[in-house]
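My plan is to jot down what I look up, one entry at a time.

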Amino acid sequence: MSQPVLPFVNHLPVRVEFGEGAALRLPALLEDLGVDRIALLIDEGLEQFNPAAAAVVRALDGLQVSRIEKPAGEPTITMVDDVAAQIRESGCGAIVALGGGSVIDTAKAARLCVQVKCTLSEFLRSARTYPAPDVPLVAVPTSAGTGSEVSGGAVVTDTENDRKSGIAHPHLRAQHAVVDPELTWSMPPTMTANVGIDALAQGIAAVVAKVRTPIGDAIALESVRLMGRSLLAAYRDGQDHTARSEMSCGSMMAGLAMNISDCTAEHSLGQAIGGVTGAPHGLTIGLVLAETLERERHHVPDRLERVADAMGVPDDGSRDGSRLVRAVRELLADLEFPVLRDLGVTESDLDSLSDAALDDYFLTMSPHPWSRDEVHGAFRAALDLESRDTTLVVS
Ligand SMILES: NC(=O)c1ccc[n+]([C@@H]2O[C@H](COP(=O)([O-])OP(=O)(O)OC[C@H]3O[C@@H](n4cnc5c(N)ncnc54)[C@H](O)[C@@H]3O)[C@@H](O)[C@H]2O)c1
């Protein structure tokens, strides 16, 4: 039975420039902004393994650049505070974040701390007001990816409590996203698989989440169509221009869709694994993606069917969403994805992992509340997998 479209509000004020070579035009963009002094936040040593990024840095030669190197690893509270201090000192008119999701998230959180004049820990303990930013942020992703270039979120690890926590607000968002697929060509296959699965999961979650809207569905389903057919190709051949461009576009769109809608259980369970093991974000999401979808399909089979159609999975007549779960399992197997036990997680970790996941915001975005037993059960199902051999999986 069809229903009227429910009321919704969506607000996405970010200018997106997409295309091969787009990042080389950064000087023109900065000139348009009237800025000649920038803080450039960049992954430590990025140019050594990413020639396209090296060309972008060279293109910025004519500007006054305060280079700030983000050390390896996902953002921590200390890292954000260090970067904030350097941005403050630079007196810049704009911040350019050139790197993966970690660099972009660090830039968002650090810009906020500079503006509200406190450390990130102080901000997290405060009433958390997010002023409209006074310095523009230009996000230039080198992974495809997190969608952080268009999202209003930043994920920061609290190393004292082994927890990843997020801050999110429209005012955290970058004002400009310059998405240049060439910057992603240097990603090795494992990273391509990890970040690509994260992006695909975001596109799927945007359709599943209880706050989904028709605009979010439209963007998410197209993102799933692009990534569903290109992730494996990009994994197998990093120089495949078409696959790389579809992954960059698809992951950016999944970021938009995630912001219109939200992530769901896969992110709560994945982030719990990340907090305990320190494993890369995308890897942790892939470890539980099929297991969380297996549970969601019983509540919103119609939505999973739409995603399966977008991914080009042949209709099997079941109408119960199982073909999407199967397709995700097959994709993970083709990507030679690890299983949870490969990270050293054991039976004794399941209680604390379940507690952390139940404490996480994204789980509340699921279309139907999760019980503790269900969360525990999804972790157990992931832990029971000995390999990604789909012939051994009974769904
Ligand atoms: N804000 C959001 O909306 C959002 C969404 C999802 C994830 N995240 C966060 O983003 C972070 C993960 O970001 P990520 O997956 O992009 O990786 P990353 O930024 O953590 O980078 C991982 C490693 O890959 C390297 N790298 C980056 N680009 C490369 C390239 N083109 N070639 C070779 N190596 C490259 C980096 O130098 C780094 O060593 C996590 O902290 C996660 O929590 C944020």
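This is a predicted model: local features need pLDDT of at least 70, side-chain atom pairs count only at pLDDT 80 or more; totals for chains, interfaces and linings use all residues.

**The ligand's shell.** With those classes I read off 9 nonpolar, 13 polar and 6 charged residues in the shell around the ligand. That shell holds 28 residues, and the closest are Gly101, Ser102, Thr142, Ser143 and Ser151. Which elements supply at least two residues each? I found α5, β6 (153–158) and α7 (189–208).

**Where the ligand sits.** I checked the domains next. Domain 1 (15–184) and domain 2 (189–384) both give residues to the shell, so the ligand lies between them.

An N or O atom in the side chain of Ser151 is 2.6 Å from a ligand oxygen. For Glu74, a side-chain N or O atom is 3.4 Å from an oxygen atom of the ligand. Ser148 has a polar side-chain atom 3.4 Å from a nitrogen of the ligand. Then I looked up the cover: the ligand taken alone exposes 860 Å², and the protein buries 87% of that.

**Helix α5.** Is α5 largely enclosed or open? I count it as largely enclosed by the rest of the structure, because 14 of its 16 residues are buried, and buried means under 20% relative accessible area.

Lys117 follows the helix and lies in the loop between α5 and α6. Its phi is positive, about 55°, although Lys117 is not a glycine. I looked up its accessibility too: at 72% relative accessible area, Lys117 is exposed.

**Another positive phi.** Glu336 is not a glycine either, yet has a positive phi of about 50°. I found Glu336 in the loop between α13 (322–334) and α14 (350–358). At 60% relative accessibility, Glu336 counts as exposed.

**Ser121.** My last stop was helix α6 (residues 120–125), where Ser121 has its place. Ser121 counts as partly exposed, at 24% relative accessibility. I also compared Ser121 with Leu200: they are 79 residues apart in sequence and 32 Å apart in space, C-alpha to C-alpha.

Conventions: Residues are numbered from 1 along each chain as its sequence is written. Side-chain values use heavy atoms; hydrogens and water are left out. Buried means under 20% relative accessible area, exposed over 50%, partly exposed in between (1.4 Å probe, protein chains only). Helices (H or I, at least four residues) and strands (E, at least two) are DSSP runs, numbered from the N terminus. A residue is near a molecule or strand if one of its heavy atoms lies within 4 Å of it. A polar contact is a pair of N or O atoms within 3.5 Å; within protein, one must be able to donate a hydrogen and the other to accept it, and residues adjacent in sequence count only if both atoms are side-chain atoms. Accessible areas come from the Shrake-Rupley method with a 1.4 Å probe; for residues, only the protein chains shown count as cover. Ala, Val, Leu, Ile, Met, Phe, Trp, Tyr, Cys and Pro count as nonpolar, Asp, Glu, Lys and Arg as charged, and the others, Gly among them, as polar. Domain bounds come from an automatic or database domain assignment.
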